[in-house]
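Welcome, and please have your viewer ready. We will go from stop to stop, selecting a few residues each time and looking at what surrounds them.

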Amino acid sequence: MDLILWRHAQAFDAEPGCDDLSRALTHKGEGQAARVAKWLDRQLPESTRVLVSPARRAEQTARALGRKFKFRDELAPQSNADEALAFIQWTAENGPPHKGAVLLVGHQPMLGQIAARLLGVDEAACDIRKGAVWWLRSRQREQELRVHLVSVISPELI
């Protein structure tokens, strides 16, 4: 299974009294999302499941891809890696139960926590920048689950 983690692009700061879920992308963020989406669309298999945080900034980021997606509360800003991994049914012992690709569009620190946990590194080592994509691939080799970092792309490099 390929697990692709896409952090939402740059969004406006929260205004006092504003609901965090309603924060929108800035003009710069819209450009970041469009550039990364164009790259992703060329790379992703057609059958990729796209799962998105209910936050407006994540929705806007995902919409740039132009594919069908589903909102998932397990990817909301206050969610954590345990909730997201449980939702996609990824276990430490067996990895994912499915083949194919899943794209999660969400937030820090959750996406970084997922990457760190699957790669077996300290969580501080996986700070996913706004608009960036981390592409992970899992495989069973000799009865052992192995996860590899296939690619990291940031909007500045596209």
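Predicted model: local features only at pLDDT ≥ 70, side-chain atom pairs only at ≥ 80, totals over all residues.

Start by selecting S154, which counts as buried because its relative accessibility is 13% (buried means under 20% relative accessible area, exposed over 50%, and partly exposed in between, with a 1.4 Å probe and protein chains only). S154 sits in the segment after β6 (144-153); helices (H or I, at least four residues) and strands (E, at least two) are DSSP runs, numbered from the N terminus.

Residues are numbered from 1 along each chain as its sequence is written, and side-chain values use heavy atoms, with hydrogens and water left out.

**The sheet**

Next, color the strands. They form an open sheet of 6 strands in the order β3-β2-β4-β1-β5-β6, with mixed pairing; two strands pair if DSSP finds at least two bridges between them. The edge strands, β3 (70-71) and β6, each pair on one side only. Zoom in on β2 (residues 49-52) and β3, which run parallel and are joined by 2 bridges. Here V52 stands opposite F71 in β3.

**The cores**

Select L3, L5, I88, W90, L104, I114 and L118: these have the most contacts inside the largest nonpolar core, which has 24 residues. A nonpolar core is a set of buried Ala, Val, Leu, Ile, Met, Phe, Trp, Tyr and Cys residues joined through side-chain atoms within 4.5 Å. Two or more residues each come from β1 (2-7), α3 (81-87), β4 (101-106), α4 (110-119) and β5 (133-141). Of these, α4 gives the most, with 6 residues. A second, separate core of 19 residues includes A37, L44, A101 and V105.

**Helix α1**

Which residues of α1 are buried? Select G29, Q32, A33, V36, A37, W39 and L40 to see them. The buried residues of α1 pack against β1, α2 (56-63), β4, β5 and β6.

**Two backbone stops**

Most residues other than glycine have a negative phi, and most peptide bonds are trans. Go to Q89, in the loop between α3 and β4: Q89 is not a glycine, yet its phi is positive, about 65°. Q89 is partly exposed, with a relative accessible area of 45%. Then find P109, in the loop between β4 and α4. A cis peptide bond joins Q108 and P109, with omega about 5°.

From P109, draw a distance to E123: their C-alpha atoms, 14 residues apart along the chain, are separated by 8.8 Å. E123 lies in the loop between α4 and β5 and is partly exposed, with a relative accessible area of 42%. Leaving out residues up to four places away in sequence, E123 touches Q113, A116 and R117 (contact means heavy atoms within 4.5 Å).

**Last stop: cysteines**

Select C18 and C126. C18 is partly exposed, at 34% relative accessibility, whereas C126 is buried, at 3%. How many disulfides does a search of the whole structure find? The search finds 0, a disulfide being a pair of cysteine sulfur atoms within 2.5 Å.
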